[in-house]
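This briefing is for a reader new to the structure. Please look over the sequence and the model before reading on.

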Amino acid sequence: MKDIFNITFLIALLSASIRLSVPILFAALGGMYSEKSGVVNIGLEGMMLVGAFAGVVGSYFTGSYWIGTIVAVLSGMLIAALFALITVKIKINQIVSGVAINLLAVGITSFFYRALFGITTVPITVNAFSPVSIPILSDIPIIGEILFKQTALVYIAFILVPISHYIFYKTSLGLNIRTVGEHPMAADTVGIPVEKVRTACVLISGALAGLGGSFLSLGQFNMFVDNMVSGRGFIAVAAVIFGKWSPTGVLMASLIFGVADALQIRIQMSGVSIPYQFLLMFPYILTVVAVTGIVGRTTSPKALGTPYEK
Amino acid sequence: MKKFDIFQLLKILIPIAAVFLALLLGSVLLLFIDVNPLEAYRYLIFGNFTNKYNTAEIFVKSTPIILTGLAFTFAFRTGLFNIGGEGQMFAGAMAAVFVGLKTGHLSPFLTISLSLIGAIIAGAIWGLIPGFLKGIFGSSEIIVTIMFNYVALYLISYLVDKPLRESIGFYPQTDLIGKNAFLPYVVPNTRLHIGFVIAVIISIIVYIILWKTPFGYRLRAVGFNPDGAEYSGMSIKKSIIISMAISGALAGVAGFTEINGIHHRLLDNFSKNVGFDGIAAALLGSANPAGVVVSSILLGMLQTGSNSMQRGVGVPANIVSIIQAMIIILVLAGNMLRPKLELYMRRKEKVIE
Amino acid sequence: MFKKRSIIALLIISVLLIASLSGCGTQPKDEAPAAPAAPAASDDGGETTSTPEDSGKDYKIVLLLPGPINDQGWNATAYEGLQMVEKDLGIKMEYIESVQQADFEAVFTDYGSRGYDLVFAHGTQFYDAAVNVGPQFPDTFYMVINSEEGQEPNVGGIGVREWEGGYIAGIIAAMNTDTKKMGAIGSFPFPVIAGTLDAFEAAAQRIDPEIQVTKTYVNSWEDIQKGKETALAMAEAGSDVIFCSANEVGLGSIEASKTKGVKAVGYISPQNEVAPGTVLSSVTYNTPGLFKGTVQQLIDGELKPEGVSLGWADGVLDMQWTDDIGQDVKDAVYEAIEELKAGKIENPYKGE
């Protein structure tokens, strides 16, 4: 543990944290759109999985990882459309719908993987992203090393934060979304189409979760394996709340989860005698601490989780 | 009278039609992998009834689902979303194993009762904490309970890895609990244990508490209209904490039935997804105890039937999960759409008359 | 109104239809499993000459897997075994995947009551259930892979001494490290996994006592990103050879090794092609042969209700070499394999 404050260690830790937080950030930003409009989206996990799979399929058949990414976004939206249909239109309980979507996603991705590639002992590999150093910026000491030598999707994830902030707080669209999430009845009276706004937000969440999935399969790897998202979608749900439903908050929350995970790996390696299960528990306890108001009282959108009946 | 009958019939017909539709969609996938859908569905629907053992498995499967379903129902009726049934079940299981290991030498009645009490207390604590945080800090119980599921999962992982690892120190699981702590079987040569009976009795108790006592009425009033209830002098905070504790206790009992009835020891990741199945059962059963029991049995049938379909015609697990997800989605969708359909039919009828 | 009623009628009809169709299917077909295949065989006997008169040839064998078959590791190698049995012995085995622990007994009972000849269960976690169910179905043989115990009259175990694989991986790794630091990743601290990692370390330190091995667990078989990040962290801390025993997670560690320009040792599946130039060589499981051998024993009536423990001496482990490996490494490996075969090396894992 003595080299913990060594600068190379710190750089390595932080760039690992960035890599670990990006899939969560994508999905959590998506989840935020959905929740801001009043729809709890537990299905992020499944939407990410679909994105991860579709990205690989797209890249496999076209040879282009960019097209793969687009396919991932569209597929994420497709399964999100189903989620929107059943939660916004038909108004089934959002939590159960989310769980069902996750179950569906596990089945669909595994089914189509085998239908396309068969059962393999070595996975199919495709063209994937490689890190891009941004000129000038990447030469900045320390920060350049951590932030500006990542894959393109990492930059996209971070750019989405100010864009989302702008949309939510500076445009009428953002105001409409927030109104729908807080007072759907009021929104309806002033002529905001509640169901349309919610559907759009769920679609956006699917698109972003799909991107998050493709970051795993194409940004970190060049392959898809069964259930490769491994619970990151659920962490994203936590990050939305931890981040108090604001883009910057979600960014901070995702980074904290990323740091916690990267640190957890290194603490275990250093041979400290804390049982590793407690280290794995850490992000979840952190979230509980966060929502108990130690980081300030959290207030959810008032209509969160409740379908709107005219 | 005649009209009324049609609407009653709809309550049964719509779910059946929904299942039918889900199976129809699933059959496309089955045809794709060269499995005859009719053959597969014969196993799904009738595969359980070929012998006593498999039929009993339906009730074995449904036992913990009833209990976690009741847990969700109790919280739901008092205006709370308890997504932590899984974690509370794990908490109950930890306590049940601990008691079973320590008191397994006592008489069956004593050790089983102690295990049950232990599970109830542990589940209640695991529910009480999110309730407390909700009551005092206003923290979303949805999130805290989800997080507590993970904490419980890793806690079990730690317990079976280190302090409670079996005495020969090999596998990450505890020793078997004392033989006296095993739940007795109800039907010989099957795994159907008395836990199912306990679950049904508890569902009756839950019904009585919620609908037949002033205490239950108060809790429901808070859920139904918090502002009004507060105005009439009820403490919302207290109500939230009590509801969550009771809800957690119910799920804790599921841990007891799974440990003392099925596994007889604690192991990593046992009885996966029972918590979420409980939520589905509660919603399918319109959040009332009788409905929960019925829909849990149906879910039990669906799961054992799926297993039987997998064994009978080699349907891969991925298609099984797709079909299960479709059935849940479509049945719930049917339930939601029924009032609209009824309304539409009534209107039409009026026009004709 | 009329329309609505007709829709309902349609629904009723369709429900009845599926019920009756599946019901009809029940009668003729349900008898078939009850009286296994004998009448069916005699019916078709005239036309299909490929069905020989030899009644002993119609075996019913199933493979139960604890996880998805496509896990790029443990379960996937079992699937290869299933294909080998079909190809070499002409026996079509069934398989079911992702069997939940709560269902083990029910699944064993079901296959027992349906008169299966041989039930493979691919993991020690199945052993307790096999022992409980076995006595009720004396005509079915339950073979638990990775169990080193068996029970009269019909439960057998085939233990794979995975640690012997870890030992060889340790030798290959130790002869390719410059930094004298190496990383070993496991899924869960199960005895087989912990033993494999311990053997890896013991072998490495036999080559050079100064070598340090960092061991960590990721608590997953499939979290490939965590596998990658763990291996990256190991490489950043100076490890220059990484070894991983955790199915899909291993792919993550190989990817990390490639990124960092360090080496990896492939494990379970032949993984040399996953990252040529990064994977030094792979220690592979010859699981297919193990399945074929057991089925052959069934045919010869030689299945014994006892546990065996297999390793290099029994051909259960194998090497997939790459061209990058020098003769000195191969010599050292073959020497160690001989010692393992002769039982001169002990499993370093002694339990918790």
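In what order do the six strands of the open sheet in chain C lie? The order is E7-E6-E8-E9-E10-E12 (chain C), with mixed pairing. This is a predicted model, in which local features need pLDDT of at least 70, side-chain atom pairs count only at pLDDT 80 or more, and totals for chains, interfaces and linings use all residues. Residues are numbered from 1 along each chain as its sequence is written, while chains are lettered from A and ligands numbered from 1 in the order in which they are written.

**The sheet of chain C**
- Helices (H or I, at least four residues) and strands (E, at least two) are DSSP runs, numbered from the N terminus.
- Strands E7 (212-217) and E12 (317-321) of chain C are the edge strands, each pairing on one side only; two strands pair if DSSP finds at least two bridges between them.
- E6 (residues 181-186) and E8 (residues 241-245) of chain C run parallel and are joined by five bridges.
- Ala184(C) has Phe243(C) as its bridge partner in E8(C).

**Contact of chains A and B**
- Chain B gives 36 residues to the contact and chain A gives 35 residues; residues are in contact if their C-beta atoms, placed from the backbone, lie within 7 Å.
- On the side of chain B that touches chain A, H13(B) provides the largest share, twelve residues.

**Helix H6 of chain B**
- H6(B) is largely enclosed by the rest of the structure, because 19 of its 21 residues are buried (20 or more other C-beta atoms, placed from the backbone, within 10 Å of a residue's own).

Key
Two residues are in contact if their C-beta atoms, placed from the backbone, lie within 7 Å. A residue is buried if 20 or more other C-beta atoms lie within 10 Å of its own, exposed if 12 or fewer, and partly exposed in between; C-beta atoms are placed from the backbone.
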